[in-house]
Amino acid sequence: MKPIATIVSHFLLLAGLFGASACFRPAELLGDETDRAYYASGIASAKWNGPVGGASEAVSGSGLTENRHGASIAGNWMQPGSGGGDAAWFVVDLQGRCDPAKLVLWNYFEFGGNPEQNKTLPNRGIASADIYIATAGSGAKIPAGSGGPFDFAAAGWKRIHAGHAFHIAPVARDAADTAGPTDTIDLTGHAGVTHVALAGMKHFAPDAFGQYTGFSEVRIVPVAGTYVEDPNSPRARLRATVKREANFDKLVFLRRYTYQSSHIYTDHYDGSTLAGGNLCILSPVAPDGKVTELVPTLSDGIIGNYDLSYDARRVVFSYKPAPDLGYRIFEVGIDDRGLRQLTHDGPDEPLMHARYGHGYDDLDPCYLPNGRIVFTSTRAKRAVLCTPNFTSTSLHVMDADGSNIHAISGNTINEFTPTMMHDGRVLYTRWEYVDKGAGDVQSLWAVRPDGSGGAHVYKNNLSLPSAMMDARQIPGSNKIVAIGAPHMPLAVGSVLVVDIRVSQQHASAMTSLTPAIGWPSHYGWPNPGAGFYANPYPLSEDLFLVSFCPGPTHNNPSGYAIHYFDGSGTRQLLYRDDKYSCFRPMPLRPRPVPPMIPTADQLASAPSGDPSEVEAEESATLFLEDVYAGMTGIERGRVKYLRVMEDVPKPWAPSWVSPGCGDSIGMQHPAVSLDGHFAVKRIHGIVPVHEDGSALFVVPAGKNLYFQALDEDYMELQRMRTFVNLMPGETRSCVGCHESRQTAALPRSALPSALRNDPLALAPQPGDTAGPRTVHYPIDVQPVLDRHCVSCHGPAEPAAGLDLSGELTTLFNRSYENLIRRNLVNKVDVSPRDNYIPAVRPLTFGSHRSKLIEQIRRAGSPCNTGMPREEFARVVTWIDANAPYYGIYQGKRNLKWQNATDFRPDPLAATQSRPPLRLAPPSGLPPRGDD
């Protein structure tokens, strides 16, 4: 048997849930045992200092206690016959005064939550310890936390047993274990006990490898005595909060196995592997309440997320009958009547399964105030940029009967869990990375129900936590509660509260209610021993419903249970199921209906200017008041143009076939750049900026647009590193470039110059023709190098050893690889997950920071060959697009396919375009991804 690398010592305290004065009786104790010792349902908290000295970590739980040794420690944690000595101690805070006749104690060992391995590891656990008590009025000093030995005798504690020998359960605890306590500790004659401590602990000998490979549990419960609770204890405060604010008698929740997802965005793809469970109603809301399945006919499949209608009469939810099928949206009455399917398979579903191994998934439904439903879906047939086959979800809406499905977002990656805000907007998580790190930008955004008015809410410039998931606005508050999660493997972690009135960009606006868990990063959690939270539902700023699983295993199939949870970190068990995990608790009661926001075409008419080749009904209008607002260090008058760029989504087909063809590089499937961005970039044109910094112009709707501020030479001064979607007919405005969203426009003495004329159509740059084009190195840059550079930097005897010829390489060509690898162009490498996520000053990267451009422009340089304006504009545009090689996803790349008809095709704008987002086919099916 191989030892695990992370050793967790797990001490759990159980105590009964009673009133201000109560007797502990065996019947009540057995009732609490249904909680399987993972939760203290009552009065106690504890502190633990493990036997590994400075590596130990004290974890203090208030009322519901998982006291775990949470540090990652490899190697010989416990040698045979050794113990922690005085460095190992465990303190139980009873949060009141107890006069028990005895304590009962459970002593178990468990190997990483694996029952089969547990059965092979008998006779492990705590062998002996000194037992101390502290009593009311004794003045005993309570240890503040871990960090080394603690002299209990000198601190005023009373030792009642020295080297007390403990028994251990003959079979390690697992889901089926019903064994009782292993030891009884007599406390006769000791009154007013407030704390109990085990110190100088010794462990039973570990395995033959000399390593203690798992974690032990000690559970202590006072019995047969009287307890007077401290009214100021966290447990008492939580009980008072529940009594004040949990005014409902029924609860809806989801009973299913925990997802086994590889990433937070793959629940539907590789996470839904265990079928079974149901939507359920708990009544009364108590651990022993009656559970009723809402849709018993669907109990053999997998139910995903759901939403309750505002009148609490209907539930809309995602469901699939088997792991290898796609999720569809269903609706049912709360009385188990009127079950109906709202979304359906398309006619090409069998073809998609044959070609890609999967079809569409419709997920995360949420009722809108106007009766429609917003949800996430893979119907657009887009693939995640950094993987070969994971599908990308984006926001869609449909009528109440499932008709008129259309997308309201064009994201290149994933969007998650829409919920409603108080002002009628949809709050959701959006993952994107326009020229910044690829994995840690899962942030909060809001949009109107028609897809207009998209706005950043929080975290787009923060890398920790990696993701913010399952966000909901707190009733009667501007604050938002969410889960701080890693990027992989599962969207569980810390409970966070965000107050965007403090900041939308700074960590100061974010408070963790579960600090022991830490800030989840790209690959997981810093302290998995502290457990995992999911699906916070706010009842107020002081009380939440949550799903919680104790560590160290995040994907225990039945590990999550429903709790009350307050802002201090105290939990109270509400319901646990014997077979399944329990998720997404929601009170079964009516709730206020948010206001209905007018649609974009109601807010503004179509632009009156000439939109060139973009039809007015498929366009939107943008007004920029002052480009210099927020753009520090750029003198007025220097910005001459805005360049309108697009982050182009990747369709399924080329992503799916590229690894098998050898067309991938790193996380790019297929290759787009060398150490650059994973997305194809498209330029839609430029628009002039007036001397006062204003601009008014028309842009295409339904695209992932971002903007670059340019000087007179079309060189980038500042780049917008996120995107905006605009709906047909929408009119949007901004104060400036990179200004705070909480900034209001300053009063002006005169009307901005741009508003004195009609909106301008986008114009081509010098050398371009009207209309969009993708940035494609073989067409945009290599011909320029051939005309001006190859005479000196040719393949035979290249000057400075720099070959700028167009000779093809395995995936690119010679000049491109040399320019990139010799750092002659400045770009952002998005492969590091947290690269360039914070906002940066103007001129941080791009053509102004590129050695190639310096040489071309430097007087007297042999590279200053009088390059025409049109060609120079193409070269700097390529750099400012983050130096991609390919402007197309389709076609084979690897040099071994050079004789194939689809080898490195020239991109045509039409092949990369998608219909406007509002124009879904009548069947609700997306356009083919390999058109």
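Modeller: The largest cavity has a volume of about 390 Å³. The model is a predicted one, in which local features need pLDDT of at least 70 and side-chain atom pairs count only at pLDDT 80 or more, while totals for chains, interfaces and linings use all residues. Residues are numbered from 1 along each chain as its sequence is written, and side-chain values use heavy atoms, with hydrogens and water left out.

A cavity here is a set of points, on a 1 Å grid over the protein atoms alone, where a 1.4 Å probe fits but cannot get out; lining residues have an atom within 4 Å of a point. Grid points are joined across faces, edges and corners, and a volume is the space filled by probe spheres set on the points. By this rule there are nine cavities of 30 Å³ or more.

The lining of the largest cavity is made up of 29 residues, and Arg-256, Tyr-259, Asp-267, Asn-305 and Arg-584 are those nearest its centre. Two or more lining residues come from each of α4 (267-271), β17 (302-308), β21 (362-367), β26 (415-420), β30 (467-473), β34 (532-540) and β38 (581-587). These labels follow DSSP runs numbered from the N terminus, with helices (H or I) of at least four residues and strands (E) of at least two. β26 gives the largest share of the lining, three residues. By class, the lining of the largest cavity holds 13 nonpolar, 10 polar and six charged residues. In this scheme Ala, Val, Leu, Ile, Met, Phe, Trp, Tyr, Cys and Pro count as nonpolar, Asp, Glu, Lys and Arg as charged, and the others, Gly among them, as polar.

The second largest cavity has a volume of about 200 Å³. Its lining consists of 17 residues, with Tyr-306, Thr-419, Asp-470, Arg-472 and Arg-584 nearest the centre. The elements that supply two or more residues to this second lining are β17, β21, β26, β30, β34 and β38.

One of the lining strands, β21, can be followed into its sheet. Four strands form an open sheet in the order β21-β22-β24-β25, with antiparallel pairing; two strands pair if DSSP finds at least two bridges between them. β21 and β25 (406-407) are the edge strands, each with a single partner, so one side of each has no neighbour in the sheet. β21 is joined to β22 (residues 373-377) by four bridges, and the two run antiparallel. Within that pair, Leu-363 stands opposite Thr-376 of β22.

Arg-721 is buried, at a relative accessible area of 7%; buried means under 20%, exposed over 50% and partly exposed in between, for a 1.4 Å probe and protein chains only. Although Arg-721 and Asp-435 are 286 residues apart in sequence, their C-alpha atoms are 5.9 Å apart. The Arg-721 side chain reaches the backbone oxygen of Asp-435 at 3.2 Å and that of Pro-838 at 3.0 Å.

Definitions and conventions
A polar contact is a pair of N or O atoms within 3.5 Å; within protein, one must be able to donate a hydrogen and the other to accept it, and residues adjacent in sequence count only if both atoms are side-chain atoms. On a 1 Å grid over the protein atoms alone, a cavity is a set of points where a 1.4 Å probe fits but cannot get out, and a pocket is an open set with protein on both sides within 12 Å along at least five of seven lines; lining residues have an atom within 4 Å of a point.
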